[in-house]
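Please look at the sequence and the structure below before reading on. The text then walks through helices, a core and aromatic pairs.

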Amino acid sequence: MNSKKRLMVALFGVVMALFLCYKLAISRTMQLHEEFKTLREEAVLADEIPQRLARLARKEQQLDSAFDQMNLGNTSVENNLLKTISSESNDQSVRISDFEAKHSIMEDNLAIDTYRFTLEGPFTDILKVLYVLEQKGGFGKTVHVDFFKERNFRTKKESLRGTVFLQQFN
């Protein structure tokens, strides 16, 4: 064999040895290293689970206490709103004359529920009921109130009627 052939055989042998080393040892080592990294990340996440659970439990307690302060039970929002309006109407000299079903629309992945109801009574008492609904009830914000003054010609008495639009964003 001449030196050129020997050099070619030696070079081919080295290339084959490198290929076999990669196939038999290095590729498996790299695969095990990637698996080790993913398992280490999972172990870190598993170590954080008790802290996450504690944070979620504290947040749940805070939300439960906030709902208890607002007198909200497990019933629907309409029932809670009607219950709050009724209790405040009894405290003030206001009467609920109309309560319509909610109107819902979707805008930019945001659900907007609008509740419409009518209150009758003195102006200041209607405002007190609206204040309690907005500030203490947590039902949303009052978007519009339409006051209408009526006069009963038989009894010669005037009454004030306020139609309220209350919006809640979900």
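The paragraphs below take the helices in turn, then the core and the aromatic pairs.

This is a predicted model, in which local features need pLDDT of at least 70 and side-chain atom pairs count only at pLDDT 80 or more, while totals for chains, interfaces and linings use all residues. Residues are numbered from 1 along each chain as its sequence is written, and side-chain values use heavy atoms, with hydrogens and water left out.

Helices (H or I, at least four residues) and strands (E, at least two) are DSSP runs, numbered from the N terminus. Helix α2 covers residues 77–91, and its 15 residues should span 21 Å at 1.5 Å a residue; the C-alpha atoms at its ends are 21 Å apart, which agrees. The expected span is 1.5 Å times one less than the number of residues. Buried means under 20% relative accessible area, exposed over 50%, and partly exposed in between, with a 1.4 Å probe and protein chains only. By that rule Asn80, Leu81, Thr84, Ile85, Glu88 and Ser89 of α2 are buried. They cover an arc of only 165° around the axis, which puts them on the same side of α2. The arc is taken from the directions from the helix axis to the C-beta atoms. An α-helix has 3.6 residues a turn, so residues three or four places apart point the same way. The buried residues of α2 pack against β1 (95–99), β3 (110–120), α3 (123–137) and β5 (157–169), where contact means heavy atoms within 4.5 Å.

Helix α3 can be read in the same manner. α3 has 15 residues and reaches 20 Å from its first C-alpha to its last, close to the 21 Å expected at 1.5 Å a residue. Its buried residues are Asp125, Ile126, Val129, Leu130, Val132, Leu133 and Gly137. These cover an arc of only 150° around the axis, which puts them on the same side of α3. On the other side of α3, Gln135 and Lys136 are exposed. The cover over the buried residues of α3 includes α2, β3, β4 (141–152) and β5. After α3 comes Gly138, with a positive phi near 70°.

Which residues have the most contacts inside the largest nonpolar core? A nonpolar core is a set of buried Ala, Val, Leu, Ile, Met, Phe, Trp, Tyr and Cys residues joined through side-chain atoms within 4.5 Å. The largest one has 13 residues, and those with the most contacts inside it are Leu81, Ile85, Phe117, Leu119, Leu133 and Leu166. Two or more residues of this core come from each of α2, β3, α3 and β5. The largest share, 4 residues, is that of α3. Leaving aside neighbours within four places in sequence, Leu81 is in contact with Phe99, Tyr115, Phe117, Leu133, Phe139 and Leu166.

Aromatic rings come last. Rings of Phe, Tyr and Trp (its six-membered ring) pair if their centres lie within 6.5 Å; planes under 30 degrees apart count as stacked, over 60 as edge-to-face and the rest as tilted. A search of the whole structure finds 2 aromatic pairs. The ring centres of Phe99 and Phe117 are 6.0 Å apart and the planes are at 20°, so this pair is stacked. It links distant parts of the chain, with Phe99 in strand β1 and Phe117 in strand β3, 18 residues apart. Phe99 counts as partly exposed at 25% relative accessibility, whereas Phe117 is buried, with a relative accessible area of 0%. Phe123 and Phe147 form a tilted pair, 5.1 Å centre to centre with 55° between the planes.
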